[in-house]
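Please look through the chain shown here before reading on, and keep it in view while you work through the points that follow.

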Amino acid sequence: MLSDRWRSVTRHLLAGVGCDLGQIVFPYLEKCTDLERRKILETVATYLDTGSLGDTGRLLECHRNTVLNRLNTFEKYTGLDVQRPYDAAAVIIALEWQGAEWQGARP
């Protein structure tokens, strides 16, 4: 079913034209410490799964404002606001591109 596979299909099609969306996220996060990068990616991934600041905070056991601060930090480093649909879609594909590298950041 396409709804279950759209990320991998999109990643495959983009790879066919030489587009690596991972390059719009991961090089910019190298400026962070390992701990900060892990927390930011964990928060971004959880937010993208839930679409809710409150639910993300509950899942990660942190305050909603902490979630918002981490998403803002992600935007500061990458220029991508995961609360905007087009940016969120690009980040989802970028995270999919990196596969196991970011999966470890997820709760």
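The model is predicted, and its chain holds seven helices and zero strands. Of the 107 residues of the chain, 38% count as buried.

**The chain as a whole**

- Read from the N terminus on, the elements follow the order α-α-α-α-α-α-α, in keeping with the count of seven helices and zero strands.
- When contacts with a separation of 6 or more are considered, 65% of them in the chain join residues 24 or more positions apart.
- The chain exposes about 6,300 Å², and carbon and sulfur atoms supply 51% of that area.

**The nonpolar core**

- The largest nonpolar core has 21 residues, and those with the most contacts inside it are Val25, Val44, Leu48, Phe74, Val82 and Val91.
- Two or more residues of this core come from each of helix H2 (26-29), helix H3 (34-50), helix H5 (64-78) and helix H6 (85-98).
- In soluble globular proteins, nonpolar side chains tend to be buried together.
- Phenylalanine 74, one of the core residues with the most contacts there, touches Val25, Leu29, Ile40, Val44, Gly79, Leu80, Val82 and Val91 when residues up to four places away in sequence are not counted.

**Threonine 56: buried or exposed?**

- Threonine 56 has its place in helix H4, which covers residues 53-60.
- Threonine 56 counts as buried because its relative accessibility is 0%, and the cut-off for a buried residue is under 20%.
- If residues up to four places away in sequence are left out, threonine 56 touches Thr43, Thr46, Tyr47, Thr50 and Val67.

- Apart from neighbours within four places in sequence, tyrosine 28 is in contact with Gln23, Tyr77 and Thr78.
- Although tyrosine 28 and phenylalanine 74 are 46 residues apart along the chain, a distance of 9.2 Å separates their C-alpha atoms.

**Aromatic rings**

- How many aromatic pairs does the structure hold? The structure holds zero of them.

Methods:
Residues are numbered from 1 along each chain as its sequence is written. This is a predicted model: local features need pLDDT of at least 70, side-chain atom pairs count only at pLDDT 80 or more; totals for chains, interfaces and linings use all residues. Side-chain values use heavy atoms; hydrogens and water are left out. Rings of Phe, Tyr and Trp (its six-membered ring) pair if their centres lie within 6.5 Å; planes under 30 degrees apart count as stacked, over 60 as edge-to-face and the rest as tilted. Helices (H or I, at least four residues) and strands (E, at least two) are DSSP runs, numbered from the N terminus. Buried means under 20% relative accessible area, exposed over 50%, partly exposed in between (1.4 Å probe, protein chains only). Contact means heavy atoms within 4.5 Å. Accessible areas come from the Shrake-Rupley method with a 1.4 Å probe; for residues, only the protein chains shown count as cover. A nonpolar core is a set of buried Ala, Val, Leu, Ile, Met, Phe, Trp, Tyr and Cys residues joined through side-chain atoms within 4.5 Å.
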